[in-house]
Amino acid sequence: MLDDCAAVEQARRGDERAWRHLYEGHSDLIFRLALRTVGDREAALDIVQETYVKASRALDGYRGEASFRSWLASIALNEARTWLRRKARRREVPIESVAEPAERGIGADVAVSHAELAERALEFIQTLPEQQRDAVLLRTTEGLPYREIAESLGTSEGSVRVSYHHGMAKLREHMAATLGHETDPSG
């Protein structure tokens, strides 16, 4: 089994098997990141493809200073940001929910409530400043350590920690207000 460093070197020499290893090893992460960033499944699939096209063109420029996964995530985030900017110019309204499927064993009404809350949280996360949004998404949905998030965003670990903290504080405040409004009978 190839590690990423060896696979990158072989892919640079044109080894299709090595490139396939790099794709298969990280495409799920890139898809989840794209989906949670843009909220559109088809767009996320396109972003995955575009990420790998750009990565293949820039592979010679990859120096290994960050992990390959972080480098790919950085490319994917840039592609997702580009998609969001284009979408904002077109003023489209999202039609898909990005909430995870309900867990087995809970009632349908509870599952719908959880899905609605998750969707509201993800919608609010999209309104956060870019670095806060990216830090929150990478940390909460992908479980990446601060170091890898910093590599992906091209910033310091301390900056990522601050962005994550501020983004989560805003999210908590928003969700508390949302839940408080829903449970307030005067409403």
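Glutamate 119 is found in helix 5 (residues 108-127), where helices are DSSP runs of H or I with at least four residues, numbered from the N terminus. This is a predicted model, so local features need pLDDT of at least 70, side-chain atom pairs count only at pLDDT 80 or more, and totals for chains, interfaces and linings use all residues. Residues are numbered from 1 along each chain as its sequence is written, and side-chain values use heavy atoms, with hydrogens and water left out.

**Glutamate 119**
- With a relative accessible area of 25%, glutamate 119 is partly exposed (between buried, under 20%, and exposed, over 50%; 1.4 Å probe, protein chains only).
- Glutamate 119 sits 9.4 Å from glycine 39, C-alpha to C-alpha, though the two are 80 residues apart in sequence.

**Threonine 37**
- Threonine 37 lies in helix 2 (residues 16-38), and it counts as buried at 0% relative accessibility.
- Skipping neighbours within four places in sequence, threonine 37 is in contact (heavy atoms within 4.5 Å) with Leu77, Ala80, Leu84, Gln126, Arg133 and Leu137.

**Helix 6 against helix 7**
- Helix 6 (residues 130-140) and helix 7 (residues 146-153) pack at about 135°, with axes 10 Å apart; axes are lines fitted to C-alpha atoms over the stretch in contact, and angles run from 0 to 180 degrees between N-to-C directions.
- On the helix 6 side, Gln131, Asp134, Ala135, Leu138 and Arg139 meet Tyr146, Ile149, Ser152 and Leu153 of helix 7.
- The residues of this contact split into five nonpolar, two polar and two charged.

Methods:
Helices (H or I, at least four residues) and strands (E, at least two) are DSSP runs, numbered from the N terminus. Ala, Val, Leu, Ile, Met, Phe, Trp, Tyr, Cys and Pro count as nonpolar, Asp, Glu, Lys and Arg as charged, and the others, Gly among them, as polar.
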